[in-house]
Amino acid sequence: MRAGVTVGALFDEAAEGYDRARRQLVPPFDDFYGTAVESIPHERDEVIRVLDLGAGTGLLSALVARAFPRARITLVDVSPEMLGVARRRFADEPERFELRVVDYAREPLPGEYEVVVSALSIHHLGGTGKRELFRKIYGVLCDGGVFVNVDQVLGSTPEIEACYREAWLRQVRERGVGEEVLAAALARMEEDQMSTLEEQKAWLEEAGFRQVDCPYKNYSFAVYGGRKRV
Ligand SMILES: C[S@@+](CC[C@H](N)C(=O)[O-])C[C@H]1O[C@@H](n2cnc3c(N)ncnc32)[C@H](O)[C@@H]1O
């Protein structure tokens, strides 16, 4: 972490331009986020309570809300600016969306949920932080509840990690990402604390999750999670 710079402050700086760059910076965006939504094991018309951790500007929440029109979604983020963008996005349906400034690494998680989701956020925590957070997530899920994490994972060897990084750089450049946007993304990535998929699956099981699985993976982009006692 750069001296005096927090993850929240980094995303505060990035909030306004964030949505514009997202699809370019996440080459498999549609399949990646789409698989996460598809893997939520509920009927589309069910009333479900959903918690989105590190919800940012509300991209994943918006996709969940569209697929599950009766879902009530709590968006949690440490950056008030990112949540400010989400507040404007969901201004027409304030009763469905609750927005809370919470540091999920340091504070308790609010509420009880059928579904906890997260996208591209938990990789900001180191291994110990991830293990603790997986336990906290387990604690706020009701029986049978699911956790779906849409995140980046570390390659399981340095060679595999180098291949992931090369593929990402090639793909984003092919999509025409400008060097300024790329430099800002690379600066944010310096704060990442990536863990391998294998480690994280083991930590999920250690937290009590069953049916731990990874239904989607494209280089470093993976959708993985598990279910609480079924
Ligand atoms: C790359 S953005 C992803 C936002 C959104 N989930 C998406 O898919 O577009 C990561 C978000 O995680 C938030 N975040 C990082 N660490 C956090 C923490 N400890 N508690 C709450 N939010 C956190 C950041 O503020 C940022 O909004």
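User: Gln211: how many other C-beta atoms are within 10 Å?
Analyst: There are 13, so Gln211 is partly exposed. The cut-offs: 20 or more other C-beta atoms within 10 Å is buried, 12 or fewer is exposed, in between is partly exposed, with C-beta atoms placed from the backbone.

User: What kind of structure am I looking at?
Analyst: This is a predicted model: local features need pLDDT of at least 70, side-chain atom pairs need 80 or more, and totals for chains, interfaces and linings use all residues. Residues are numbered from 1 along each chain as its sequence is written.

User: Where is Gln211 found?
Analyst: Gln211 is in strand β6. Strands are DSSP runs of E, at least two residues; helices are runs of H or I, at least four; both are numbered from the N terminus.

User: What about the phi of Gln211?
Analyst: Positive, about 50 degrees, although Gln211 is not a glycine.

User: And Tyr219, what's its phi?
Analyst: Also positive, near 50 degrees, and Tyr219 is not a glycine either. Tyr219 sits in the loop between β6 and β7. With 19 C-beta neighbours inside 10 Å, Tyr219 counts as partly exposed.

User: OK, the sheet. What order do the strands have?
Analyst: The order is β3-β2-β1-β4-β5-β7-β6. The sheet is open, has seven strands and shows mixed pairing. Two strands pair if DSSP finds at least two bridges between them.

User: Which strands stand at the edges?
Analyst: β3 (97-101) and β6 (210-218). Each has a single partner strand, so one side of each is left without a neighbour in the sheet.

User: How far are neighbouring strands turned against each other?
Analyst: By 15 degrees on average, direction ignored. Axes are lines fitted to C-alpha atoms (for helices, over the stretch in contact), and angles run from 0 to 180 degrees between N-to-C directions.

User: What does α2 touch on the sheet?
Analyst: α2 packs against β4 (113-119), β5 (141-152), β6 and β7 (221-227). The direction of α2 makes about 160 degrees with that of β6. Contact between two residues means that their C-beta atoms, placed from the backbone, lie within 7 Å.

User: Which strands does α5 lie across?
Analyst: Helix α5 (residues 127-140) lies across β1, β4 and β5. α5 runs at about 145 degrees to β5.

User: Back to β1. Is β1 mostly covered or mostly open?
Analyst: Mostly covered. Four of the five residues of β1 (residues 49-53) are buried.

User: In what sense do β1 and β2 pair?
Analyst: Parallel, over five bridges, with β2 covering residues 72-77. Within that pairing, Val50 stands opposite Ile73. Leu53 has Val76 as its bridge partner.

User: Helices next. At what angle do α2 and α3 cross?
Analyst: Roughly 45 degrees, and their axes come within 10 Å. α2 is residues 29-38 and α3 is residues 59-67. The two are therefore oblique to each other. Under 35 degrees is roughly parallel, over 145 roughly antiparallel, 65 to 115 roughly perpendicular, and the rest oblique.

User: Which residues make the contact of α2 and α3?
Analyst: From α2, Tyr33, Ala36 and Val37. From α3, Leu60, Leu63, Val64 and Ala67.

User: How far apart are the axes of α5 and α8?
Analyst: 9 Å, at an angle of about 40 degrees; α8 is residues 197-207. α5 and α8 are therefore oblique too.

User: Which residues of α5 meet α8?
Analyst: Gly127, Lys130, Arg131, Phe134, Arg135 and Tyr138. They meet Glu199, Gln200, Trp203, Leu204, Glu206 and Ala207 in α8.

User: Lys130: buried or exposed?
Analyst: Buried, with 23 C-beta neighbours inside 10 Å. Lys130 lies in α5.

User: What does Lys130 touch?
Analyst: Ile122, Leu125, Ser195, Gln200 and Trp203, leaving out residues up to four places away in sequence.

User: Last one. Asp92: buried or exposed?
Analyst: Exposed, with 7 C-beta neighbours inside 10 Å. Asp92 lies in the loop between α4 (80-89) and β3. Asp92 and Ala36 are 56 residues apart along the chain, and their C-alpha atoms are separated by 25 Å.
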